[in-house]
Amino acid sequence: KVKGETVKRDDYDTPWKHMLARYFPAFLEFFFPAAYQGIDWSRNYTLLDKELHKVTRDAALGQRRADALVRVTGRDGADDWVLVHVEVQGENTADFAQRMFVYNYRSYDLYGRPVISLAVLGEPYQTAHGKFGYGRWGSLMRLRFPVVSLNAYRPRWAELEASANPFAVVTQAHLRARETAGLDEARYRVKRELIRSLYRRGYQRPAILDLLRFVDWVLALPEGLENQLWAEVQQFEEEKHMRYVSSLEQIAIRKGIEKGIEKGIEKGIEKGREQTLCELLEELLVTRFGPLSETIRSRLAGANSAQLSLWFRRALTAPSLESVFAGGEG
């Protein structure tokens with residue numbers, strides 16, 4: 001890594017998918033309020049990862065970005081499928097509308113349900129809707145779908161600053177990442193300010209940790225500046241008496257959303273340090289979810305390295321304590 005060169009992470013897919021899964025209602029409320037208003041949120045919604053894989057596999061569509069297929073219930077009581085295709089990096093390619101069309105008809109073909117396609121683009125887009133279709137001899141096939149450009153939020157920065165919706169921060173981080181590519185000192189300053197803004201927006205601890213992961217991923221810095229930044233974050237928390245991020249979670253955030261502190265876990269397993277891993281997991285669970293019951297503590301104490309490792313990885317992003325231990329031991 002060349003000194004002074006901004007760290008590049010081309011995988012914007014991972015952090016966006018994480019935020020979509022954790023905050024899907026907030027995503028629709030922020031970017032597509034008409035869709036948000038049409039859904040009965042008192043009913044459960046379901047993320048359909050396996051179904052989405054069936055939709056996208058075998059489709060020769062090139063590189064795709066964060067996608068989600070979600071089952072929701074409309075306010076009229078109708079059970080709907082919502083296909084959300086989020087392209088958050090790269091150019092507005094010529095086949096963008098075609099990909100949206102293909103995902104839409106493949107979803108309908110597989111499940112026979114209405115499919116509402118929505119798209120967010122990191123690049124400028126000239127209109128509020130995308131279109132794709134063809135026709136001949138009286139036969140016509142058309143798809144028209146809403147498109148939101150993140151670039152359109154640049155002149156609305158004050159609105160983003162005032163918003164408590166987590167996707168206001170997501171949008172800011174994405175825009176700042178593009179503005180500061182290759183400019184380490186400038187990126188350091190905007191990243192520091194964005195992190196500080198999380199504390200004044202009134203987020204609870206889990207949301208702050210999720211957004212810290214997103215911000216840290218898309219606004220990557222060289223190691224020296226990262227160390228300096230996290231020292232400032234710790235000092236800021238102490239001054240404001242807001243202890244949200246433990247040193248353990250700092251490590252987890254900086255290792256990435258999916259990998260967590262995987263290397264550290266594996267190293268601990270190799271050395272047979274189950275007790276150390278158990279203590280680290282307990283610290284993480286307490287930090288994220290509060291005091292643990294004796295039942296949970298006993299379960300941790302009786303677990304082997306493989307179980308502790310699995311639970312640790314889950315605990316980095318799990319929405320609740322119960323979900324850490326869901327689905328048995330593996």
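Q: Which handedness does the crossing of α4 and α5 have?
A: The crossing of α4 and α5 is right-handed. The convention is that a crossing counts as left-handed if the near helix is turned anticlockwise from the far one by less than a right angle, and right-handed if clockwise. This is a predicted model, where local features need pLDDT of at least 70 and side-chain atom pairs pLDDT 80 or more, while totals for chains, interfaces and linings use all residues. Numbering runs from 1 along each chain as its sequence is written, and side-chain values use heavy atoms, with hydrogens and water left out.

Q: At what angle do those two pack, and how far apart are the axes?
A: Helix α4 (residues 49-56) packs on helix α5 (residues 96-111) at about 115°, with axes 9 Å apart. Axes are lines fitted to C-alpha atoms, for helices over the stretch in contact, and angles run from 0 to 180 degrees between N-to-C directions. Helices are DSSP runs of H or I with at least four residues, strands are E runs of at least two, and both are numbered from the N terminus.

Q: Which residues meet there?
A: From α4 you have Glu51, Lys54, Val55 and Thr56, and they meet Tyr103, Arg106, Ser107, Leu110 and Tyr111 of α5. Contact means heavy atoms within 4.5 Å. The residues split into four nonpolar, two polar and three charged. Here Ala, Val, Leu, Ile, Met, Phe, Trp, Tyr, Cys and Pro are nonpolar, Asp, Glu, Lys and Arg are charged, and the others, Gly among them, are polar.

Q: New topic: which residues of α8 are buried?
A: Asp184, Arg187, Tyr188, Lys191, Leu194, Ile195, Ser197, Leu198 and Tyr199. Buried is under 20% relative accessible area, exposed is over 50%, and partly exposed is in between (1.4 Å probe, protein chains only).

Q: And what comes just after α8?
A: Glycine 202, with a positive phi of about 85°. Glycine 202 is in the loop between α8 and α9 (205-218).

Q: Is glycine 202 buried or exposed?
A: Exposed, at a relative accessible area of 53%. Glycine 202 is also 7.4 Å from alanine 164, C-alpha to C-alpha, though they are 38 residues apart in sequence.

Q: How many bridges join β5 to β6?
A: Eight, and strands β5 (residues 129-136) and β6 (residues 139-149) run antiparallel. Strands count as paired if DSSP finds at least two bridges between them. Arginine 136 has serine 139 in β6 as its bridge partner.

Q: What's in the turn?
A: Two residues separate the strands of this hairpin, and tryptophan 137 there has a positive phi of about 55°.
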